[in-house]
Amino acid sequence: CPQTLYTYPENWRAFKALIAAQYSGARLRVLSGPPHFSFGHTNRSPQFLKKFPLGKVPAFEGDDGFCVFESNAIAYYVSTEELRGSTPEAAAAVLQWVNFADSDVVPPASTWVFPTLGILHYNKQATEVAKEEVRKVLGVLDGHLRTRTFLVGERVSLADISLVCALLWLYKQVLDPTFRGPFGNVTRWFLTCLNQPQFKAVLGEVQLCQRMAQFDGGHTWGGTWAHLGGGNTPGGAPGDTWGVGTHLGGHLGTPGDSVGILCPLQGSGTGGKGHPVRLSVPSPFVLDEFKRKYSNEDTLGVALPHFWEHFDREGWSLWYCQYRYPEELSQTFMSCNLITGGPSSSSSSSSSSSSSSFVLIFILVIVILFILCPDWQVDYESYTWRKLDPDSAECRTLVTEYFLWEGEFRHVGKPFNQGKIFK
């Protein structure tokens, strides 16, 4: 019986274990799609969480019942002694480069590459800093590889596997010939690894970037769908990332502070091959039209009727969630600060602050990115989540009260404190 690797399609972190298994001969059964595995659903089930309490993927289950999560640990487990480093010195060197990939390559790579894919907001200053960090790490690698074919010893090791996977999107998206030119030793090593049969079996033919991908200044969350899904955006207008209101309550620091989320989901949220947030079919719900109604016309008389008339139950979902640690919010300004940090926490994989008690209508930000992309599962675990039935009286009341910023708010027993709109 083969061992099982749970993941979502095209997860570069899972590639590490899959490539290692190609070298070791370990048999891995990959579950990355329905009916056996539905990301965002299967990994939140009690059965899955009993084996993997954080619900993270990739996750590995051996045929003997042994379970382990974290991609580096999985890759290590399915590797051979040669891949891990056959001497204490070699093993330490391998571990050094594996950690280097995670700590020095992945953060700046994410900051630079993800805005070009439309899955993070573009920040010019952060991007320029990230480019310099990438230059720095490529320089370190180039110097090390000047007299070496591989990073440790004379054969491929986990060091090479981990760093190739960490650099993959850089080479595919932004490292054009001009940028990568000074780092010829790194590119030589990268191509040498890619041409190994074991790498090719997992990664296929990788095309190096010929023209540096650029962030489209008018393309943020709403435009992500067109870029990743290959179709029209399901309602989002360029630049739209916006919320409806903030429910802090008259007495802070008590349970019940809540978040309501409107989020585009198509089936399991993994409708197409490639990135997990891709929609298989564009939604007919045009969010830009609703935005204009909500911003410029009467909310109760015009915007809300428009919302319910055009709401796409097949492509979008409404969610209610509660902050798990309300005792941390002893002052109003604390909630305000955390709420304001909500969008920024989803646009930086290094953010450690939790979004607080607030009601937002977000494109992509919470449910899509935090459930469907492990790199953003920072704030997601700070909440309990409950999907709402759009046809229920409870859901209608919640949507009405939060859009209006007024009402009884019986579900939390607190008065409305203040509202904020993110655009």
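The following legends describe close-up views of a predicted model.

View 1. Four strands in the order S2-S1-S3-S4 make up an open sheet of mixed pairing. In general, the strands of a sheet pair through backbone hydrogen bonds, in either a parallel or an antiparallel manner.

**View 2. Pairing of S3 with S4, and the residue Glu70.** Strand S3 (residues 59-61) pairs with S4 in the antiparallel sense, over three bridges. Glu61 has Cys67 of S4 as its bridge partner. Glu70 is placed in the loop between S4 and helix H3 (71-77). The phi angle of Glu70 is near 80°, a positive value in a residue other than glycine. With a relative accessibility of 38%, Glu70 counts as partly exposed.

View 3. Pro34 and Pro35 are joined by a cis peptide bond, for which omega is about 5°. Pro35 belongs to the loop between S2 and helix H2 (46-51). The peptide bond from Val57 to Pro58 is also cis, with omega near 5°. Pro58 is situated in the loop between H2 and S3.

**View 4. Packing of helix H5 against helix H7.** Helix H5 (residues 88-117) and helix H7 (residues 158-173) pack at an angle of about 15°, and their axes are 9 Å apart. The two helices, H5 and H7, are therefore roughly parallel to each other, and their crossing is left-handed. On the H5 side, the residues in contact include Val94, Trp97, Phe100, Val105, Trp112 and Leu117. On the H7 side, they include Leu158, Ser162, Leu163, Trp169, Leu170 and Gln173. By class, the residues of the contact of H5 with H7 comprise 18 nonpolar, three polar and no charged.

**View 5. Crossing of helix H6 and helix H9.** The axes of helix H6 (residues 124-144) and helix H9 (residues 184-194) come within 7 Å and cross at roughly 75°. H6 and H9 are therefore roughly perpendicular to each other. Leu138, Leu141 and Asp142 of H6 make the contact with Gly184, Asn185 and Val186 of H9. The contact of H6 with H9 divides into three nonpolar, two polar and one charged residues.

View 6. Glu289 is part of helix H12 (residues 287-296). The residue Glu289 is partly exposed, its relative accessible area being 34%. Glu289 and His306 are 17 residues apart along the chain, and their C-alpha atoms are separated by 9.0 Å.

**View 7. Trp405 in the segment that follows helix H16.** Trp405 lies in the segment after helix H16 (393-404). The phi angle of Trp405 is near 65°, a positive value in a residue other than glycine. Trp405 has a relative accessible area of 29% and is partly exposed.

Terms used
Residues are numbered from 1 along each chain as its sequence is written. This is a predicted model: local features need pLDDT of at least 70, side-chain atom pairs count only at pLDDT 80 or more; totals for chains, interfaces and linings use all residues. Side-chain values use heavy atoms; hydrogens and water are left out. Axes are lines fitted to C-alpha atoms, for helices over the stretch in contact, and angles run from 0 to 180 degrees between N-to-C directions. Angles under 35 degrees count as roughly parallel, over 145 as roughly antiparallel, 65 to 115 as roughly perpendicular and the rest as oblique. A crossing is left-handed if the near helix is turned anticlockwise from the far one by less than a right angle, and right-handed if clockwise. Contact means heavy atoms within 4.5 Å. Ala, Val, Leu, Ile, Met, Phe, Trp, Tyr, Cys and Pro count as nonpolar, Asp, Glu, Lys and Arg as charged, and the others, Gly among them, as polar. Buried means under 20% relative accessible area, exposed over 50%, partly exposed in between (1.4 Å probe, protein chains only). Two strands pair if DSSP finds at least two bridges between them.
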